[in-house]
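Here are my notes on this structure, written for someone who is new to reading such models. Please keep the sequence and the 3D view open while going through the points.

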Amino acid sequence: MSLDTEFERVSLPLADAFTISRGTQETAENVIVEITDEGGMTGIGGAAPSAHYGETADTVEAVLPDLLDVVEEVGDPHALTEIEARMRETVERNPAARCAVSIALHDLAAKRTGLPLYRMWGLDADETPTSSFTIGLDTTERIREKTEEAVEEGYEVLKVKLGTDRDREIIEAIRDAAPDATLRVDANEAWTPRETVENSRWLADHGVEFIEQPVPAEDPGGLQFAYERSELPIAADESCVTLSDIPEIADKCDIANLKLMKCGGLLEAKRMVHAARAEGLEVMLGCMIESNASIAAGAHLGPLLDYADLDGSLLLESDPYDGVDLAKGELRLAELGLPGTGARKA
Ligand SMILES: [Mg+2]
């Protein structure tokens, strides 16, 4: 067997500038990986590097030749475990780069078996949670408009970015514009532990479901303080990067928020799901701002999740790839009708 590989950088403009407590993003730099077998069948994957975790499109492009050498040396698209392990030995950091290769390989392996990826894994398409749609930071008036638009488009679960000096005003505007929506809050490390406990009280009064990453990841004691006193469940995102973080956060939060681009591959993500469950945590899968070249693969993990936040492609002006239908945030795996992840040129 032999495998051909290539990659290409794509610059994806966002539908709206996306602001969180740390800063604003107007485009997403993704790198698309293709792996083709002898019969001409191609698997597609994408890297959506995050500067917060030390990766950029430049670093992805710098390490991909070494990672794709591993793929070509092994040469077997079904050797998913071996290739993921050898990639981790070759490039310890750069999880988004490794993840793009992992996704492309899984897509190819599933296509070769003629099954959608979730079916290759034996998962039940009816067990998927509804994905949230994210409302980024903006003027309160613009936030209200974005919320009204999201409700009109049928999104019933909204994730609200907070971490400003007008957080209460923002939540009041969103709750007013979306009285029936499930609301989740993500402070992206902007609060102190005490602020988190105080904020949890009025957020609970507004029917918020949980609070994601209220305090800095560098303050595990603060996360534990917030978890033990908060009125609302706490999800860990920036505090939950790789498998070894799961036991560390087990007594400091209720929900582990995994992301493919943090953990570096689909097999590793599945290990994290099971480790989190063994520690009594609920599991959420989030994403970066990503093309369907990678989001499509995340959707296939849907049946293993309690919460999904897979709106990365929905925040783009346009996506060069189609994937799993996510209209209204519903992960419509059963309707995919394609082998692999479903990632394909739009
Ligand atoms: Mg987050």
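1. Before the sheet is described, two terms are needed: helices (H or I, at least four residues) and strands (E, at least two) are DSSP runs, numbered from the N terminus, and two strands pair if DSSP finds at least two bridges between them. This is a predicted model, in which local features need pLDDT of at least 70 and side-chain atom pairs count only at pLDDT 80 or more, whereas totals for chains, interfaces and linings use all residues. Residues are numbered from 1 along each chain as its sequence is written, and side-chain values use heavy atoms, with hydrogens and water left out.

2. The order E4-E5-E6-E7-E8-E9-E10-E11 describes an open sheet of 8 strands with parallel pairing. Strand E4 (133–135) and strand E11 (307–308) are the edge strands, each of which pairs on one side only.

3. Within this sheet, E7 runs parallel to strand E8 (residues 234–236) and is joined to it by 2 bridges, with Ile211 standing opposite Ile234 in E8. Helix H7 packs on the sheet, where it touches E6, E7 and E8 (contact means heavy atoms within 4.5 Å), and its direction makes about 160 degrees with that of E7. For such values, axes are lines fitted to C-alpha atoms, for helices over the stretch in contact, and angles run from 0 to 180 degrees between N-to-C directions.

4. Which residues coordinate the magnesium ion? They are Asp186 (OD), Glu212 (OE) and Asp237 (OD), at 2.0 to 2.3 Å, and their spacing in sequence is D-x25-E-x24-D. Glu212 lies in strand E7 and Asp237 in the loop between E8 and helix H9 (245–249), so this pair ties together parts that are 25 residues apart in sequence. Donors are N, O and S atoms within 2.8 Å of the metal (3.2 Å for Na, K and Ca), and because water is not among the atoms, sites may look incomplete.

5. Both Glu212, at 0% relative accessibility, and Asp237, with a relative accessible area of 2%, are buried (under 20% relative accessible area, against over 50% for exposed and in between for partly exposed, with a 1.4 Å probe and protein chains only).

6. Asn188, in the loop between strand E6 (182–186) and helix H7 (193–205), has a phi near 45 degrees, a positive value in a residue other than glycine, and Asn188 is buried at 4%. Gln213, in the loop between strand E7 (208–212) and helix H8 (220–229), has a positive phi of about 35 degrees although it is not a glycine, and Gln213 is buried at 0%.

7. Further along the sheet, strand E10 (residues 282–286) is mostly covered, since 4 of its 5 residues are buried. Strand E9 (residues 255–259) pairs with E10 in the parallel sense over 5 bridges, and Lys259 has Gly286 in E10 as its bridge partner. E10 and E11 also pair in the parallel sense, over 2 bridges, and Met284 stands opposite Tyr307 in E11.
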